[in-house]
Amino acid sequence: MSSAGLPAPPEADGVSEGPADGGEAAERMSKRQLKKLLRQKQWEEQRELRKQKRKERRQRRKLERQSHLESNPDGHDRKRFRSEAVPSPLRLIVDCSFDNLMVSKDIKKLHKQIQRCYAENRRASHPVQYYLTSHGGQLKKIMDENDKGWVNWKDIHIKPEHYSELMKKEDLVYLTSDSPNILKELDESKAYVIGGLVDHNHHKGITYKQASEHGIHHAQLPLGDFVKMNSRKVLAVNHVFEIVLEYLETRDWQEAFFSILPQRKGAVPADKVCRSSSPERGQAKDEEESDSSAEESTENVRDTAQGGDTQDT
């Protein structure tokens with residue numbers, strides 16, 4: 001009998017296997033992968049909100065400058081505008097005592113972060129009392145070579161002494177992500193210390209250890225109360241500095257975090273994170289530990305890349 005007389009096999013069967021295979025693929029995904037997809041979706045959903053907040057912040061500052069320019073047509077707007085800022089008595093210290101733990105490339109990054117802090121403080125509506133302590137060694141050499149104008153910087157205290165020699169012990173609070181204490185409010189009578197360290201997470205916990213050894217108070221910013229991130233809660237010097245400046249202006253931690261945190265941190269509001277994943281944390285942890293070594297290696301590389309210009313703050 002000719003095969004031409006037989007009914008052809010339905011082609012739809014081959015098509016219908018697609019979704020089934022996709023469903024099986026979804027089931028095969030680990031909980032870690034599902035959580036990554038969820039975080040990515042939340043990040044995308046919040047992208048426009050973050051962009052709008054940054055735009056509003058820039059627009060607000062632009063309007064303030066224009067308003068002062070119109071009221072001061074004599075060309076001295078910048079000086080007068082700065083004179084109308086309300087300085088905060090809060091002292092913000094960048095502790096530069098980690099010079100021997102960094103290579104030249106990372107000290108250059110620290111120098112750029114210090115420059116950024118200086119520029120932002122000069123523009124702030126509530127500038128802090130900015131200190132660089134333990135200033136010397138490689139950092140001073142690089143600043144002398146690449147930024148000779150630093151000796152003329154205004155509204156900054158650059159000291160070779162350690163911060164403990166300049167401030168009362170009871171006034172000091174070291175900002176470190178390893179501290180168990182959560183900072184709820186800023187006390188403007190205090191001196192807050194930021195570790196001046198760019199080490200790509202090679203010296204985890206060193207600022208917390210130093211604070212404990214010196215017997216001074218320590219705390220971490222309330223990041224976990226407002227933000228969920230893909231990476232460790234370790235921020236660059238200038239990010240911590242700018243978050244403090246923004247909080248002094250807005251008195252709103254969430255707005256301060258989302259105005260300053262870089263996109264690579266994958267930050268989303270804590271109250272937007274899907275709560276349904278919470279009961280699965282223990283099970284997810286077990287599955288994470290059983291993942292292949294190749295996946296764990298990839299995750300470590302990603303964390304290191306995201307923690308690039310960082311220190312324990």
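At 16% relative accessibility, Ser134 counts as buried. Buried means under 20% relative accessible area, exposed over 50%, and partly exposed in between, with a 1.4 Å probe and protein chains only. Ser134 lies in the loop between β2 and α5. Helices (H or I, at least four residues) and strands (E, at least two) are DSSP runs, numbered from the N terminus. Ser134 is not a glycine, yet its phi is positive, about 55 degrees.

Arg251 also has a positive phi, near 55 degrees, and is a residue other than glycine. Its place is the loop between α9 and α10. Arg251 is partly exposed, at 41% relative accessibility. Most residues other than glycine have a negative phi.

## Model and overall make-up

This is a predicted model: local features need pLDDT of at least 70, side-chain atom pairs count only at pLDDT 80 or more, and totals for chains, interfaces and linings use all residues. Residues are numbered from 1 along each chain as its sequence is written, and side-chain values use heavy atoms, with hydrogens and water left out.

The chain holds 12 helices and eight strands. Of its 313 residues, 42% are buried. Contact means heavy atoms within 4.5 Å. Among contacts with a separation of 6 or more, 81% join residues 24 or more positions apart.

## Helix α4 against α9

Two packed helices are described by the angle between their axes and the distance between the axes. Helix α4 (residues 104-123) packs on helix α9 (residues 237-250) at about 15 degrees, with the axes 8 Å apart. That makes α4 roughly parallel to α9. Angles under 35 degrees count as roughly parallel, over 145 as roughly antiparallel, 65 to 115 as roughly perpendicular and the rest as oblique. Axes are lines fitted to C-alpha atoms, for helices over the stretch in contact, and angles run from 0 to 180 degrees between N-to-C directions.

The crossing of α4 and α9 is right-handed. A crossing is right-handed if the near helix is turned clockwise from the far one by less than a right angle, and left-handed if anticlockwise. From α4 come Leu110, Gln113, Arg116, Cys117, Glu120 and Asn121; from α9 come Val237, Asn238, Phe241, Glu242 and Leu245. These contact residues divide into five nonpolar, three polar and three charged. Ala, Val, Leu, Ile, Met, Phe, Trp, Tyr, Cys and Pro count as nonpolar, Asp, Glu, Lys and Arg as charged, and the others, Gly among them, as polar.

## Helix α4 against α5

α4 also packs with α5, at about 65 degrees and with axes 10 Å apart. That makes α4 roughly perpendicular to α5. The crossing is again right-handed. α4 supplies Ser104, Ile107, Lys108, Leu110, His111 and Ile114, and α5 supplies Gln138, Leu139, Ile142, Met143 and Asn146. This contact has six nonpolar, four polar and one charged residue.

## The largest nonpolar core

A nonpolar core is a set of buried Ala, Val, Leu, Ile, Met, Phe, Trp, Tyr and Cys residues joined through side-chain atoms within 4.5 Å. The largest has 58 residues, and Tyr130, Leu186 and Ile243 have the most contacts inside it. Elements giving two or more residues to this core include β1 (91-95), α4, β2 (129-133), α5 (137-146) and α9. α9 gives the most, eight residues.

Leaving aside residues up to four places away in sequence, Ile243 touches Leu221, Leu235, Trp253, Ala256, Phe257, Ile260 and Leu261.

## Val198

Val198 sits in the loop between β5 and α7 (206-214). Val198 is buried, with a relative accessible area of 0%. Its C-alpha atom is 9.9 Å from that of Leu235, 37 residues away along the chain.
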